[in-house]
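Please keep the sequence and the three-dimensional view at hand while reading.

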Amino acid sequence: MRRFWSEVTVAEGGIRLDDKPVRTPARAPLRLPTQALAEAIAEEWRGVGETLDPRAMPLTGLANAAIDRIAPDSAAFAGQLAAYAETDLLCYRADGPASLVARQALHWDPPLDWARRHFGVDFTVTEGIVHVAQPPATVARLATALGDYDAFALAGLSPLTTLSGSLVLALAMAEGAIDAEPAWQAAELDQLWQAEQWGEDNLATAARVDRHAAFTAAARFLALLA
């Protein structure tokens, strides 16, 4: 879409391009739950050049997802996201070398300990990548926690969970128990350790940069809901 507007304003929780309200891909009004998020999304629209590039507008994309995809059945969406409690990255540890084992313990134990205290649950932590079942009460409690979030929060939590492979890290961020960058470093710990040992692969680096940008945008989206 070519840029047709000269002015972007925030009005009544929505975004207006000159006198036209912005709508989602499903043609619903793009209405935001907080002024901070509305202003941030307005800035994305002000930054559009000659043509609109959705890849440069991650907050708008997440808001669209909240309205079009999640809000119609947020309970079902939360249920799908809760499945990550079964395979949380933080529960699968290396059996060596010692430096990697220690680094995982340093960065992964604190968020797990936070989740134990915050939700009153326990986790089964194992060595290797073979699946181990988590206590049913843990899976159920984390699913209940997700059910307490609205569609906009779930829109932010979803990429944080899928990109990190850790529902615990995503929930810790949503509850203010860990900042975005330490969470990202924890999520990428194995890949970063491998790069330190064997050198960086250009394709892997480029992919990590893209994932980091998406992760940071989702974290900002969540923060703007507060």
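Thr126 lies in strand 5 (residues 126-127); helices (H or I, at least four residues) and strands (E, at least two) are DSSP runs, numbered from the N terminus. The model is a predicted one, in which local features need pLDDT of at least 70 and side-chain atom pairs count only at pLDDT 80 or more, while totals for chains, interfaces and linings use all residues. Residues are numbered from 1 along each chain as its sequence is written, and side-chain values use heavy atoms, with hydrogens and water left out.

- Thr126 counts as buried because its relative accessibility is 18%; buried means under 20% relative accessible area, exposed over 50%, and partly exposed in between (1.4 Å probe, protein chains only).
- Not counting residues up to four places away in sequence, Thr126 touches Cys91, Tyr92, Arg93 and Val132, where contact means heavy atoms within 4.5 Å.
- Thr24 is found in the loop between strand 3 and helix 1, and Thr24 is buried, with a relative accessible area of 2%.
- The side chain of Thr24 makes a polar contact of 2.7 Å with the side chain of Asp68. A polar contact is a pair of N or O atoms within 3.5 Å; within protein, one must be able to donate a hydrogen and the other to accept it, and residues adjacent in sequence count only if both atoms are side-chain atoms.
- Leaving out residues up to four places away in sequence, Thr24 touches Pro29, Leu30, Asn64, Ile67 and Asp68.
- Pro97 sits in the loop between strand 4 (92-93) and helix 4 (98-119), and Pro97 is partly exposed, with a relative accessible area of 40%.
- Pro97 and Glu50 are 47 residues apart in sequence, and their C-alpha atoms are 52 Å apart in space.

- Strands of a sheet pair through backbone hydrogen bonds, either parallel or antiparallel.
- An open sheet of three strands has the order 1-2-3, with antiparallel pairing; two strands pair if DSSP finds at least two bridges between them.
- The edge strands, strand 1 (8-11) and strand 3 (20-21), each pair on one side only.
- Four bridges link strand 1 and strand 2 in the antiparallel sense, and Ala11 stands opposite Gly14 in strand 2.
- Strand 2 (residues 14-17) is joined to strand 3 by two bridges, and Arg16 stands opposite Pro21 in strand 3.
- The hairpin of strand 1 and strand 2 has two residues between the strands, and Glu12 takes a positive phi near 55° there.
- The hairpin of strand 2 and strand 3 has two residues between the strands, and Asp18 takes a positive phi near 55° there.

**Helices and core**

- Helix 1 (residues 35-46) lies across strand 1 and strand 2, running at about 165° to strand 1. Axes are lines fitted to C-alpha atoms, for helices over the stretch in contact, and angles run from 0 to 180 degrees between N-to-C directions.
- Helix 8 (residues 180-187) and helix 9 (residues 189-198) pack at about 65°, with axes 4 Å apart.
- Among the 72 residues of the largest nonpolar core, Ile15, Leu32, Ile41, Trp45, Leu146 and Leu154 touch the most other members. Such a core is a set of buried Ala, Val, Leu, Ile, Met, Phe, Trp, Tyr and Cys residues joined through side-chain atoms within 4.5 Å.
- Apart from its neighbours within four places in sequence, Leu154 is in contact with Ile70, Ser74, Phe77, Ala78, Leu81, Leu146 and Tyr149.
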